[in-house]
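Subject: Structure for your review

Dear colleague,

Please find below the structure that I am handing over to you. My notes on it follow directly after.

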Amino acid sequence: MTEPQSLPAKAPEVGRLLGPLIAHGVDFVLIGGQAGISHGSAYPSYDLDVLYARDPDNVARLVAALDEIGVRLRGGPEDLPFVLDARTIENGGNFTFVTPYGDFDVLGDAAGMPSYQELKAAAVEREVFGHLVKVASIDHLIAMKRAAGRTKDKLMVEEYIVLADEQRKADRGE
Amino acid sequence: MSQKRLAMRAGTTQSAISRIERDRVSPSVETLRELLYLLGEDLSLDAEQRDFGIDRTLNAERLKTSPTERLEYGMAFANQVISSSPLPQREAW
């Protein structure tokens with residue numbers, strides 16, 4: 001995997017991207033750098049990553065949410081045809097979008113993750129911009145960052161290990 | 001001590017000892033303990049907290065804020081990095 005050679009025009013507006021997902025009842029888990037930040041990471045993140053359940057009903061809800069947000073493919077040729085519907089999502093799995101609210105990655109699976117159900121079961125529920133959101137556990141984030149293996153991911157793994165330790169101490173009142 | 005003598009004590013071959021010394025084989029902890037015992041030494045393993053060079057006091061302070069506050073800070077920080085980065089910016093929506 002290569003390191004990014006460009007940056008988006010702005011950081012994602014996390015609340016504006018999560019709002020439609022919640023409103024449409026999408027079954028998803030927040031992962032990636034923003035999930036890490038919600039756990040206390042100091043590393044900036046330039047997109048929002050979510051993993052979604054792949055069942056047809058949820059895909060339909062996801063399509064409605066993405067339609068409300070307004071998405072187009074990121075990094076593809078301008079003339080690459082893209083139809084936002086359930087069939088496209090079911091056939092594609094992972095999508096990287098640009099939206100009016102910043103870059104948004106919608107993933108059916110990610111390297112290093114367990115099954116979606118296992119990921120979701122271990123996720124913590126956090127209030128984020130007024131929404132109750134399932135955030136991947138820091139241990140699963142560590143596994144996914146290890147699997148991604150880029151330089152920045154390796155640095156994040158180290159920070160996440162320390163954060164998990166600090167969180168454990170805080171929970172114990174130490 | 002020569003590989004041959006250690007091999008004799010351990011009941012193995014000189015080539016087996018050689019493979020370990022040349023990093024061709026990674027012995028189990030038990031095998032390593034036994035070889036060191038035969039050399040008159042004890043194996044000592046220790047685990048201690050690794051220093052990643054991360055300021056834990058800053059982490060502790062950040063954990064006192066809410067997830068939304070952390071994300072707001074993260075977004076502001078990312079925008080600051082974007083505005084000052086020499087990397088080209090992708091076209092906005």
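Please bear in mind throughout that this is a predicted model. The notes begin with one arginine in chain A, move on to the strands and rings of that chain, and then turn to chain B.

**Arg74(A) and its partners**

Arg74(A) sits in a loop of chain A, between strand E3 (72-73) and helix H4 (86-92). Leaving aside residues up to four places away in sequence, its contacts are Asp47(A), Thr96(A), Phe97(A), Val98(A), Asp103(A), Phe104(A), Asp105(A) and Arg90(B). The list therefore includes a residue of the other chain, Arg90(B), since contacts of Arg74(A) are counted by atoms within a cut-off of 4.5 Å.

Two of these contacts are salt bridges. The side chain of Arg74(A) meets that of Asp103(A) at 3.4 Å, N to O. This pair joins distant parts of the chain, with Arg74(A) in the loop between E3 and H4 and Asp103(A) in strand E5 (residues 102-107), 29 residues apart. The side chains of Arg74(A) and Asp103(A) also make a polar contact, at 3.4 Å. Asp103(A) is buried, because its relative accessible area is 4%, and buried means under 20%.

The second salt bridge of Arg74(A) is with Asp105(A), where the closest N and O atoms are 2.9 Å apart. Asp105(A) lies in strand E5 and Arg74(A) in the loop between E3 and H4, so this pair ties together parts of chain A that are 31 residues apart in sequence. Asp105(A), with a relative accessible area of 8%, is likewise buried.

**Other salt bridges**

Over all chains, a search of the whole structure finds 16 salt bridges. Asp165(A), Glu166(A), Arg168(A), Lys169(A) and Arg56(B) are linked by such bridges in a network.

Within chain B, Glu30(B) forms a salt bridge with Arg33(B), the closest N and O atoms being 2.9 Å apart. Both residues belong to helix H3 (residues 29-38) of chain B and are 3 residues apart, about one turn of the helix. Glu30(B) is partly exposed, at a relative accessible area of 47%. Arg33(B) is also partly exposed, at 36%.

**Strand E2 of chain A**

Strand E2 (residues 47-52) of chain A is mostly covered, with 6 of its 6 residues buried. Asp47(A), Asp49(A) and Leu51(A) point one way from E2(A), while Leu48(A), Val50(A) and Tyr52(A) point the other way. E2(A) pairs with strand E1 (residues 28-31) of chain A through 4 bridges, and these two strands run antiparallel. Leu30(A) has Val50(A) as its bridge partner in E2(A). E2(A) also pairs with E5(A), in the parallel sense and over 5 bridges. There, Asp49(A) stands opposite Asp105(A), the residue that forms a salt bridge with Arg74(A).

**Aromatic rings**

The search of the whole structure finds 4 aromatic pairs over all chains. Phe95(A) and Phe97(A) form a stacked pair, with 5.7 Å from centre to centre and 0° between the planes. Both of these phenylalanines are buried. Ring pairs also bring in Phe82(A), which makes a cluster with Phe95(A) and Phe97(A). Phe97(A) is also among the residues that Arg74(A) touches.

**Chain B**

Chain B holds 5 helices and 0 strands, and from the N terminus on its elements run α-α-α-α-α. What is the radius of gyration of chain B, and what would a compact globule of 93 residues have? Chain B has 27 Å, whereas such a globule would be near 12 Å. The C-alpha trace of chain B spans about 70 × 35 × 20 Å along its principal axes. Of the 93 residues in chain B, 23% are buried. Among contacts in chain B with a separation of 6 or more, 23% are between residues 24 or more positions apart.

Ala10(B) and Leu35(B) are 25 residues apart in sequence and 6.9 Å apart in space, C-alpha to C-alpha. Beyond residues up to four places away in sequence, Ala10(B) touches Leu35(B) and Leu38(B). Ala10(B) is partly exposed, with a relative accessible area of 30%.

With kind regards

Note on methods. Residues are numbered from 1 along each chain as its sequence is written. Chains are lettered from A and ligands numbered from 1 in the order in which they are written. This is a predicted model: local features need pLDDT of at least 70, side-chain atom pairs count only at pLDDT 80 or more; totals for chains, interfaces and linings use all residues. Side-chain values use heavy atoms; hydrogens and water are left out. A polar contact is a pair of N or O atoms within 3.5 Å; within protein, one must be able to donate a hydrogen and the other to accept it, and residues adjacent in sequence count only if both atoms are side-chain atoms. A salt bridge is a side-chain nitrogen of Lys or Arg within 4 Å of a carboxyl oxygen of Asp or Glu. Buried means under 20% relative accessible area, exposed over 50%, partly exposed in between (1.4 Å probe, protein chains only). Two strands pair if DSSP finds at least two bridges between them. Rings of Phe, Tyr and Trp (its six-membered ring) pair if their centres lie within 6.5 Å; planes under 30 degrees apart count as stacked, over 60 as edge-to-face and the rest as tilted. The radius of gyration is taken over C-alpha atoms; the globule rule is 2.2 Å times the number of residues to the power 0.38.
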